[in-house]
Amino acid sequence: MSSDTATSTGRAPTVFVPSSEALATVLAPGARPPRPSPLSASLTFSWRALLKIKHVPEQLFDVTAFPIIMVLMFTYLFGGALADSPRDYLQFFLPGIMVTSVVMITMYTGVGLNTDIEKGVFDRFRTLPVWRPAALVGMIVGDVLRYVLAAVVILTVGLVLGFRPDGGVFGILAGIGLLVVFSFAFSWVWTFFGLILRSEKSVMGVSMMVLFPLTFLSNVFVDPSTMPGWLQAFVKANPITHLVSSVRAAMAGTTDASAMMWIAVWSAAFIAVFGTLTMHRYNRR
Amino acid sequence: MSRRTTGLAIEAEGLTRSFGETRALAGIDLQVPAGAVYGLLGPNGAGKTTAVRVLATLLRPDGGHARVFGHDVVSEADAVRARVSLTGQYASVDEDLTGTENLILLGRLLGLPKAAARQRAEQLLTAFGLTEAAGRQVKKYSGGMRRRIDIAASILNTPDLLFLDEPTTGLDPRSRNQVWEIVRAVVAHGTTVLLTTQYLDEADKLASRIAVVDHGRVIAEGTPGELKSSVGSGTVHLRLRDADQRPEAERVLQATLSVPVQLEADPVAITARVGGDGSELDAGAQAALALGELSRAGIVVDDFSLGQPSLDEVFLALTDHPAVPATDERDDELEAAR
């Protein structure tokens, strides 16, 4: 392995000689601070997520370029065929593609966790005397920022292309808020898969297998009334359908109470089931 | 204020743990006294890492139990975590973050307020000679620097027990010496250290007691002196001028020393263990005697050295099988746990 000199910087090598006085200073035991609250520990972990974005900004590619491509591609691909014009289609389609893109991005939570575990840094986190879910909650809170960013990017592209929601600023904020709450809850599905699957690649594979049917077999692209009965049954039960309905309603300045209730139920269920499974797995190893 | 602890830091009884078909721990018993360095010595795959991971609350044992400062590692894991730190064999800091950020992150997680966490980070970086690299991402650090930031992170809260899993594997000799200096300082300040290593000389230099681990069991335990004298305190390495004389040299050595003699792969090399329990002479005197006899027999010795027994030789003596590196334990674990 390499020696002590930082060759990459080309600076003159400096050799570290441990000094017993300096070590004595840092080793003198002080009073131990009280352990941080669950909230504070979680926020510290989300600070870590932000630092990682700062150091590896390339990882924002999937929350910027990917959503832009999705909006442009489908608006012009389907717009003329499914509505009078791409611009008309966009009024129906934008909330849906926003949901699709953000929900697809949630899978990176699992991929990121899997990488972290592979690298070994989670071994240290797991030996810390902090609230156990903090590392994962913090990670997902960091990811929520990415969801917001993706939603804003899509909204901006939509507005440029002519999306004019009736709900105004408040409606848009409410729509993005619903989407972010659901995505936070949905991310726990991926933390679970990130923990149980062997590699980053298999996490990606499983995520795609779940996400493609879930997002496409919904009311994102077309009105479900044209679909065969058995497919309508699936679409009606699909949480993505409820999410799209409630986001569409919010952005249009109305409220879809039944869809919103379903979103609350689904979100609570994802956290209860997959949050528990995740923590069980996280503690068990 | 001193947190020096007396008594036992670790008591483990019959710890077992399997990963699928692999039996990583086959009933480990350990009694680690507080306030000193305790060495777990063994080849790759012997079960050292698994033992550390069980004791550090990262892994549940299948059977047996273990207490750290009196707290059970399974039922009182949180109390154990409050008193231990782990520097794993793999990077246990975030490689994407800088040295400073890593230490602040951990300081905050241990409950330090922001300003205090920053101050503590700077203090540690200075003491570990990492001030210049403080703002650089850890993935750009050299092997030795990475080990130091890892250990700095582990002593952030001056733990009562520090696990160091193969802290010098893969380091150059100078970085290894630096780590040794740090370990000595850590222990001098009252922290107990459980050190795993594949190198007998490392365990010898640092540990006051050593447990030799093989196939998930402790096969020998004692002070370094006790272990070595059970094996023979040294090894004579000889290189002959003429390979044809080796069978004769082997006969002479066996007759003179009455110890096992080993023929090396190099056709002129031959080694013998000296200074064992049964001998009246010390290793040096035995070696001198052997050289004299060889010379009398007309065998030309070009090169000669007297060294400590290697881990391989300790293993050979204790188990009758060489310390063959098995597969990596953590890989087994990652495989099996998923």
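Buried residues make up 43% of the 285 residues in chain A, where buried stands for 20 or more other C-beta atoms within 10 Å of a residue's own, exposed for 12 or fewer, and partly exposed for what lies in between, with C-beta atoms placed from the backbone. This is a predicted model, in which local features need pLDDT of at least 70, side-chain atom pairs count only at pLDDT 80 or more, and totals for chains, interfaces and linings use all residues. Residues are numbered from 1 along each chain as its sequence is written, while chains are lettered from A and ligands numbered from 1 in the order in which they are written.

Let us stay with chain A for a moment. It has 12 helices and 0 strands; helices here are DSSP runs of H or I with at least four residues, strands are runs of E with at least two, and both are numbered from the N terminus. The C-alpha atoms of chain A fill a box of roughly 80 × 45 × 35 Å along the principal axes. Two residues are in contact if their C-beta atoms, placed from the backbone, lie within 7 Å. Among contacts in chain A between residues at least 6 apart in sequence, 77% join residues at least 24 apart.

Two packed helices are described by the angle between their axes and the distance between the axes. For helix H3 (residues 61-82) and helix H7 (residues 134-161) of chain A, the axes come within 9 Å and cross at roughly 35°. Such axes are lines fitted to C-alpha atoms, for helices over the stretch in contact, and angles run from 0 to 180 degrees between N-to-C directions. The crossing of H3(A) and H7(A) is right-handed, that is, the near helix is turned clockwise from the far one by less than a right angle. Among the residues that meet here are A:Val63, A:Ile68 and A:Val71 in H3(A), and A:Leu149, A:Val153 and A:Val157 in H7(A). By class, this contact has 10 nonpolar, 3 polar and 1 charged residues; Ala, Val, Leu, Ile, Met, Phe, Trp, Tyr, Cys and Pro count as nonpolar, Asp, Glu, Lys and Arg as charged, and the others, Gly among them, as polar.

Where chain A touches chain B, the contact takes 42 residues from chain A and 59 residues from chain B. On the chain A side, helix H1 (20-27), helix H2 (38-55) and helix H6 (121-126) each supply at least two residues. That side has 21 nonpolar, 9 polar and 12 charged residues.

Of its 338 residues, 49% count as buried. Take helix H9 (residues 246-257) of chain B: its buried residues are B:Ala249, B:Val252, B:Leu253 and B:Leu257. Seen down the axis of H9(B), these fall within an arc of 100°, so they line one face of the helix; the arc is that of the directions from the helix axis to the C-beta atoms. The face turned away from the buried side carries the exposed residues B:Pro247, B:Arg251 and B:Ala255.

What covers the buried residues of H9(B) includes strands S11 (234-240), S12 (261-263) and S13 (269-274) and helix H10 (283-296) of chain B. B:Leu257 counts as buried because it has 23 C-beta neighbours inside 10 Å. Leaving aside neighbours within four places in sequence, B:Leu257 is in contact with B:Ala272, B:Val274, B:Gln286 and B:Ala290. Just after H9(B), B:Ser258 takes a positive phi of about 40°.
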